[in-house]
Amino acid sequence: MDVPTSDVSTPETTLAASPSSLPSRFRGFTTGENRLHPVWSRLLAVFWVAMALGVTAVAISSDLIGRPLWWVDDQRWSMPIIYAFAVLFVGPAIVVAVWAAARIPRVQWPSLGITVEVALLAFIDRDRSPGSAVVLGALAVAALLAAIASTGARTVD
């Protein structure tokens, strides 16, 4: 008597499945599809270094013209506190630059975090230093565009 066989796969055959046989939502985890394209990774790394330099330039120039950003005000904060703020607000852009250069997946999420951070810095300084807030707002828009680009700049294997 013949026993009918079912189409149910065993765990052994599921683990040995090729990436092309997996559903599309799982293919990115096995093929490297979530990594940035090499050209985009270099471009985004350069962008995030430029973003860190841009925030630093806004902070220094606002202090030179006499309308410092709230976190660079040497009348309010001591120098170690200002250095800590600088690491807190400029450091993530450097970390994301390294992350993008190393082609680590999902770089768009920390990019969005930096976008929110720079937008909040611009919002906080809108009354105290409006010119610097406008420049920080423009940097936040650029960071948002970079986050969107890092979402779409993945390789397709």
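The structure is a predicted model, in which local features need pLDDT of at least 70 and side-chain atom pairs count only at pLDDT 80 or more, while totals for chains, interfaces and linings use all residues. Residues are numbered from 1 along each chain as its sequence is written, and side-chain values use heavy atoms, with hydrogens and water left out.

**The whole chain.** Display the protein chain, which has six helices and zero strands; helices (H or I, at least four residues) and strands (E, at least two) are DSSP runs, numbered from the N terminus. Of its 157 residues, 32% are buried, where buried means under 20% relative accessible area, exposed over 50%, and partly exposed in between (1.4 Å probe, protein chains only).

**Helix H5.** Select residues 108-124, the 17 residues of H5. The helix reaches 24 Å from its first C-alpha to its last, close to the 24 Å expected at 1.5 Å a residue; the expected span is 1.5 Å times one less than the number of residues. Its buried residues include Ile 114, Val 118 and Leu 121. Among the elements covering the buried residues of H5 are H3 (38-64), H4 (79-101) and H6 (130-152).

**H3 against H6.** Next select H3 and H6, which pack at an angle of about 170 degrees with their axes 11 Å apart. Axes are lines fitted to C-alpha atoms, for helices over the stretch in contact, and angles run from 0 to 180 degrees between N-to-C directions. H3 is therefore roughly antiparallel to H6, a term applied to angles over 145 degrees. Show the side chains at this contact (heavy atoms within 4.5 Å): Trp 40, Phe 47 and Trp 48 are among the residues of H3, and Leu 136, Leu 139 and Ala 143 among those of H6. By class, the contact has 14 nonpolar, four polar and no charged residues. Ala, Val, Leu, Ile, Met, Phe, Trp, Tyr, Cys and Pro count as nonpolar, Asp, Glu, Lys and Arg as charged, and the others, Gly among them, as polar.

**Helix H4.** Move to H4 and centre on Val 90, where the helix bends by about 40 degrees; the bend is the angle between axes fitted to the seven residues ending there and the seven starting there. A proline, Pro 92, follows within four residues. Val 90 is also one of the buried residues of H4, as are Phe 85 and Phe 89. H3 and H5 are among the elements covering them.

**Tyr 83.** Finally, select Tyr 83 in H4. Tyr 83 counts as exposed because its relative accessibility is 53%. Trp 71 lies twelve residues from Tyr 83 in sequence and 9.4 Å away in space, C-alpha to C-alpha.

Key: Parallel < 35°, antiparallel > 145°, perpendicular 65-115°, else oblique.
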